[in-house]
Amino acid sequence: MRVSELLDRVVVDSHGQKVGKVREVIITNGHSRSVKPFAGLRVDGLLVARHGYALHWGFDNTRHIGPLPLRALLAPRRGRALFVPWRDIATVEGTITIKIGRSDLKTLRDSEDVAR
Amino acid sequence: MAGKRRSPGTRSDDFVYEAVLDFLDHQMLDRDGTPCGNVDDLELELPADGSNPRVVAILSGPMALGPRIGGTLGRWIGALGKTLHPHEFPEPARIEIRSVTKVGSAVELDTLASEMDTYRSEQWVLEHLIGRIPGADHASE
């Protein structure tokens, strides 16, 4: 499987409700202190949102600052992206189905607050 | 600032990357700093036990970019890549993810460009197409 095969796929929750489309694939490195730090990269989860342009342009609350008018316009939309942990994914054939309800998912902004 | 954020469930010393933002379309540099293609896609391996997929390779070249773009343009790019590829059964250039040493504005590798498939394809195009254009041997003058 390729990362591009996950992007733009529709995600449906356990009730059959559409959550959005896959806009980003989050990958982590569990071996960051090893000699080959990238050998252990694995998919941690998916960012799912109805609109993807804020994510694709890299606007979020912590990594990019300006220009202010554009950030003010796009950052709130970025905050609406939902993080789907890989462990909560039931199937990836065709439509991606998750094991939990949409209301159980955290927004990206909530997720970042948790991580801080 | 790639690899600095965390997502739920990751440990404090885990590095976190976003595939689209931090990898796709980034320039690759070999260990001498020579440009050696772009990251056009990432290959994932799904473990049989259902655990998180592993990122195993970077895919580069028109046969990786074409399917990603999709549509008529994507098919055209993929077909062009197959036509120009020196092998009978062409595949996208594949770079093991363990070769990556740093991810920033570029993706840095510990291999040499001359050892990579992207370089061999480029050399084939240079010899069989570009080199046959009248005056091509004076291109650098």
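Asp25(B) sits in the loop that links helix H1 (19–23) to strand S2 (27–29) of chain B. Helices (H or I, at least four residues) and strands (E, at least two) are DSSP runs, numbered from the N terminus. In this predicted model, local features need pLDDT of at least 70 and side-chain atom pairs count only at pLDDT 80 or more, whereas totals for chains, interfaces and linings use all residues. Side-chain values use heavy atoms, without hydrogens and water; residues are numbered from 1 along each chain as its sequence is written, and chains are lettered from A in the order in which they are written.

The phi of Asp25(B) is near 70 degrees, a positive value in a residue other than glycine. Most residues other than glycine have a negative phi. Asp25(B) is partly exposed, with a relative accessible area of 45%. Here, buried means under 20% relative accessible area, exposed means over 50%, and partly exposed lies in between (1.4 Å probe, protein chains only). Chain A also has a residue with a positive phi. Asp8(A), which is not a glycine, has a phi of about 70 degrees. Its place is the loop between helix H1 (3–6) and strand S1 (10–12) of chain A. Asp8(A) counts as partly exposed at 46% relative accessibility.

Aromatic pairs were examined next. Rings of Phe, Tyr and Trp (its six-membered ring) pair if their centres lie within 6.5 Å; planes under 30 degrees apart count as stacked, over 60 as edge-to-face and the rest as tilted. By this rule there are 2 aromatic pairs over all chains. In one of them, the ring centres of Phe38(A) and Tyr17(B) are 5.8 Å apart and the planes stand at 50 degrees, so the pair is tilted. Phe38(A) belongs to the loop between strand S2 (18–29) and strand S3 (41–49) of chain A, and Tyr17(B) to strand S1 (residues 15–18) of chain B, so the pair joins two chains. Tyr17(B) also pairs with Phe23(B). That pair is edge-to-face, with 5.9 Å centre to centre and 70 degrees between the planes. Phe38(A) is buried, at 4% relative accessibility. Tyr17(B) is buried at 5%. Phe23(B) is buried at 0%.

In chain B, 4 strands form an open sheet in the order S3-S2-S8-S7, with mixed pairing. Strands S3 (35–38) and S7 (100–103) of chain B stand at the edges with a single partner strand each, so one side of each has no neighbour in the sheet. Neighbouring strands of this sheet are turned by 25 degrees against each other on average, direction ignored. Axes for such angles are lines fitted to C-alpha atoms, for helices over the stretch in contact, and angles run from 0 to 180 degrees between N-to-C directions. Two strands pair if DSSP finds at least two bridges between them. S7(B) and strand S8 (residues 106–109) of chain B pair in the antiparallel sense over 3 bridges. Lys102(B) stands opposite Glu108(B) in S8(B).

Chain A contains 4 helices and 7 strands. From the N terminus on, its elements run α-β-β-β-α-α-β-β-β-β-α. Of the 116 residues in chain A, 52% are buried. Chain A exposes about 5,700 Å², and carbon and sulfur atoms supply 54% of that area. Accessible areas come from the Shrake-Rupley method with a 1.4 Å probe; for residues, only the protein chains shown count as cover. Contact means heavy atoms within 4.5 Å. Among contacts in chain A with a separation of 6 or more, 51% involve residues 24 or more positions apart. Ile26(A) lies in strand S2 of chain A and is buried at 2% relative accessibility. Ile26(A) and Val84(A) are 58 residues apart in sequence and 9.6 Å apart in space, C-alpha to C-alpha.

Confidence was examined last. The predictor gives the complex an ipTM of 0.78 and a pTM of 0.78. pLDDT is the predictor's confidence in each residue, from 0 to 100. Chain B has a mean pLDDT of 81, and 84% of its residues reach 70 or more. Among the elements of chain B, strand S4 (residues 41–45) has the highest mean pLDDT (95) and helix H4 (residues 117–128) the lowest (72). Over residues 8–12 of chain B, pLDDT stays under 50, and the model has 9 contacts beyond four places in sequence for them. Where pLDDT is low, the predicted coordinates should not be read in detail.
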